[in-house]
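Reader: I have a new model open. Can you show me how to read it, one feature at a time?

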Amino acid sequence: MANKLKGEVAFNACGSNFTLVMDFNALCEIDTDLGISIDEIGAKLAGSAPTIRSVFRIGLAAKHGAMTDLEAGRLIGDIGPTKAAELLAEALQASFPEVAKPGADPRAAPGKPAPKKPRGTTGRP
């Protein structure tokens with residue numbers, strides 16, 4: 001069973017169950033193998049079929065072992081590229097729960113409250 005708190009998302013393709021994992025190791029692999037940093041992933045996935053396929057392959061490795069882009073592409077072909085992109089987005093959001101929370105302050109460190117504004121300021125320019 002997939003653990004969403006660990007960036008895992010389960011899906012079925014080609015008659016089998018799979019788990020996509022976007023954990024720290026996957027993010028490192030995306031950076032080193034594809035040259036895509038964490039803050040660029042969303043932009044690079046938008047509209048790039050080869051990038052979606054490669055990131056999907058990397059996300060499958062933790063639970064399913066090494067796989068080629070062609071094998072990952074067959075799974076994507078079964079579920080469709082839109083569903084594959086949705087699964088990647090869901091796994092990436094699950095791997096960054098502090099950032100994904102609505103209203104979360106991006107300046108806050110994980111597990112710590114947002115920095116307080118100095119007294120007497122309204123936050124308006």
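Predicted model: local features only at pLDDT ≥ 70, side-chain atom pairs only at ≥ 80, totals over all residues.

Reader: How many helices and strands does the chain have?

Author: Six helices and two strands. Read from the N terminus, the order is β-β-α-α-α-α-α-α.

Reader: How many residues does α3 have, and what span is expected for it?

Author: The general idea is to count 1.5 Å a residue. α3 has 16 residues, and 22 Å is expected. From first C-alpha to last, α3 reaches 21 Å, which is close to that.

Reader: Which residues of α3 are buried?

Author: A residue is buried when its relative accessible area is under 20%. In α3 that holds for T51, I52, S54, V55, F56, R57, I58, G59 and L60. Their cover includes the strands β1 and β2, along with α1, α2, α4 and α5. Across the chain of 125 residues, 30% count as buried.

Reader: At what angle do the axes of α3 and α4 cross?

Author: Roughly 100 degrees, and the axes come within 9 Å. Angles of 65 to 115 degrees count as roughly perpendicular. The two helices, α3 and α4, are therefore roughly perpendicular to each other.

Reader: Which residues make that contact?

Author: From α3, they are I52, R53, S54, F56, R57 and L60. From α4, they are D69, L70, A72, G73, L75, I76 and I79. Sorted by class, the contact has eight nonpolar, two polar and three charged residues.

Reader: F56 is in that contact. Which aromatic cluster does F56 belong to?

Author: F56 forms one cluster with F11 and F18. To read a cluster, take its ring pairs in turn. Rings pair if their centres lie within 6.5 Å. That rule gives two aromatic pairs. In the pair of F11 and F18, the centres are 5.6 Å apart and the planes are at 20 degrees, so this pair is stacked. Both of these residues, F11 and F18, are buried.

Reader: Why does the pair of F11 and F56 count as tilted?

Author: Look at the planes. They are at 55 degrees, with the centres 5.4 Å apart, so the pair is tilted. F11 and F56 are both buried. F11 sits in strand β1 and F56 in helix α3, 45 residues apart, so this pair links distant parts of the chain.

Reader: What share of the chain's contacts join residues at least 24 apart?

Author: Among contacts between residues at least 6 apart in sequence, the share is 51%.

Notes: Residues numbered from 1 in each chain as written. Heavy atoms only, no water. Phe/Tyr/Trp six-rings, centres within 6.5 Å; stacked < 30°, edge-to-face > 60°. Buried < 20%, exposed > 50% of the residue type's maximum accessible area, 1.4 Å probe, protein only. Helix = DSSP H or I, 4+ residues; strand = E, 2+ residues; numbered from the N terminus. Axes fitted to C-alpha atoms, helices over the stretch in contact; angles between N-to-C directions. Parallel < 35°, antiparallel > 145°, perpendicular 65-115°, else oblique. Contact = heavy atoms within 4.5 Å. Nonpolar A, V, L, I, M, F, W, Y, C, P; charged D, E, K, R; others polar. Expected span 1.5 Å × (residues − 1).
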